[in-house]
Amino acid sequence: MKFTILIIDDEKNIREGLAANFELEDYNVKTAASGEEGLEYVSKGDIDLVISDLRMNGMGGEEVLQRVTAQTPGVPVIILTGHGDVNSAVDAMRHGAYDFLLKPVDLDQLTMIVKRALENRQLRLEHQQLKKEVEDSSAFSTMIGKSSAIMKMQETIRKVAESRASVLITGESGVGKELVARAIHNYSSRKAKEMINVHCAALSETLLESELFGHEKGAFTGADHLKKGRFELAHGSTIFLDEIGEINQSVQIKILRVLQERRFERVGGEQTIEVDVRVVAATNRNLEEEVKKGRFREDLYYRLNVVHIHVPPLRERKEDIPLLIQSFLDEFNRENSKNITGLDSKAKSAMFKYDWPGNIRELRNCMESAVVMCSGDHITIDDLPPGIAKKSEGEVITVPLGQTLEETEKTVILENLAANRNNKSKTADLLGIGRKTLQRKLSEWGIDNSGE
Ligand SMILES: Nc1ncnc2c1ncn2[C@@H]1O[C@H](COP(=O)(O)OP(=O)(O)OP(=O)(O)O)[C@@H](O)[C@H]1O
Ligand SMILES: [Mg+2]
């Protein structure tokens, strides 16, 4: 890693002398004749270390130090100073300068200090990176997929996780909405406490109300003890309201109040309970439509929909299918003590052609039954559920009049390649042929478009 050093000094000689020295030491060097100019580099964010003169016309070294530590904490600042200013330099150390050096500068000494500071920085950066990777892998460990849709979703999750903004997750059944909710929670510091799940559709109106808000002893017949509600239990954590589209108007009003004021009363209770809760809700209904029809409160819809994450159906990200297949194959091999190594090309092709209306849940179920059914080391078309196996027969492609079969084959292959941005592995998978076969055909036709 090549580090970039910024040198700020209003004396041209010093600036250039230092620059030449550090360029020889194989660092990237940027120079600035004033604090103001230097900070422009800093705010662009690609500076790893700052060497700044203390006394300059305009902005002095102290202010440079202050701004750098505020803008880019972790970037070491080394202060250069004349003999008369040692006290100010010591003061700068107190305010977070990495070190200071008296002028005239001893180049060897300065180089040594810079090296040490950057070694520290490198260690810290590596540590941060490692920490981030570990966090990523645990937060997203169950979310398989490398499609741009999934990557974008993970990016959004990362961005919004730490805030308390409500999130509305929409998408068809089985796309992984619950997984997204879990990732948001796991990626935030709220993960220290468990996420509280409420399956809104599963509970009757009265039950849902006392589940969410709790009840006092004697609030209604059968309430023979005080019960804390899920909102109360979710204090300091996340509450996941699954199938929020199913709740009735009276509960909608109560949830709205919690979102607005972060407070509520238990059923039959007087005492107001304040909570710090992050609300994540999910639905496979079109809530906007429900609002128009007057079935869902508009104000609640907007409160929930501060951040919107739409999980696209599997048919719109078919490139995730191979990874999902592999992951479920591993899982069910383990569970059934089998050692199936993959799918034959016909089975693979059928899985690709199928539209997966039940999305990932359906794919997972399909893989589970296929693993159980399979008696060889490869899953074949006969191991797949009939609805999916049917797809291997495929649509009939007719050979246009005047074209040979080979010409038609070529057209189909090239169209698929183009549709998959020249990704040969993906195209071969989609067409149910081996990548090598595809490559051979392309070479025979004198086409060698490099691509994955
Ligand atoms: N990206 C993914 N990687 C691995 N497994 C996934 C992924 N997305 C979903 N799944 C799995 O698919 C199944 C369905 O996911 P989930 O329950 O989150 O869907 P949902 O959108 O909440 O569906 P519903 O609307 O029916 O409740 C679960 O077993 C989940 O673990
Ligand atoms: Mg769900």
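This is a predicted model: local features need pLDDT of at least 70, side-chain atom pairs count only at pLDDT 80 or more; totals for chains, interfaces and linings use all residues.
Which helices and strands each supply at least two residues of the lining of the largest pocket? They are α6 (148–161), α7 (177–186), β13 (278–283), α13 (321–335) and α15 (359–373), where helices (H or I, at least four residues) and strands (E, at least two) are DSSP runs numbered from the N terminus.

Residues are numbered from 1 along each chain as its sequence is written, chains are lettered from A and ligands numbered from 1 in the order in which they are written, and side-chain values use heavy atoms, with hydrogens and water left out.

**The pocket**

The largest pocket has a volume of about 650 Å³. Of its 29 lining residues, Gly174, Val175, Gly176, Leu179 and Arg361 are the closest to its centre. A pocket here is an open set of points on a 1 Å grid over the protein atoms alone, where a 1.4 Å probe fits, with protein on both sides within 12 Å along at least five of seven lines; lining residues have an atom within 4 Å of a point. The volume is the space filled by probe spheres set on the points, which are joined across faces, edges and corners.

Domain 2 (148–310) and domain 3 (316–393) each give at least three residues to this lining; the domain bounds come from an automatic or database assignment.

**The ligand**

Around ligand 1 there are 17 residues, and Ile144, Ser173, Gly174, Lys177 and Arg361 are the closest; a residue counts if one of its heavy atoms lies within 4 Å. Here are some polar contacts, meaning pairs of N or O atoms within 3.5 Å:

| Residue atom | Ligand 1 atom | Distance |
|---|---|---|
| Ile144, polar backbone | nitrogen | 2.8 Å |
| Gly174, polar backbone | oxygen | 2.8 Å |
| Lys177, polar side-chain | oxygen | 2.6 Å |

On its own, ligand 1 has 630 Å² of accessible area (Shrake-Rupley method, 1.4 Å probe), of which the protein covers 85%.

**Backbone details**

Lys103 and Pro104 are joined by a cis peptide bond with omega of about -5 degrees, and Pro104 sits in the loop between β5 (99–102) and α5 (107–139).

Key: A polar contact is a pair of N or O atoms within 3.5 Å; within protein, one must be able to donate a hydrogen and the other to accept it, and residues adjacent in sequence count only if both atoms are side-chain atoms.
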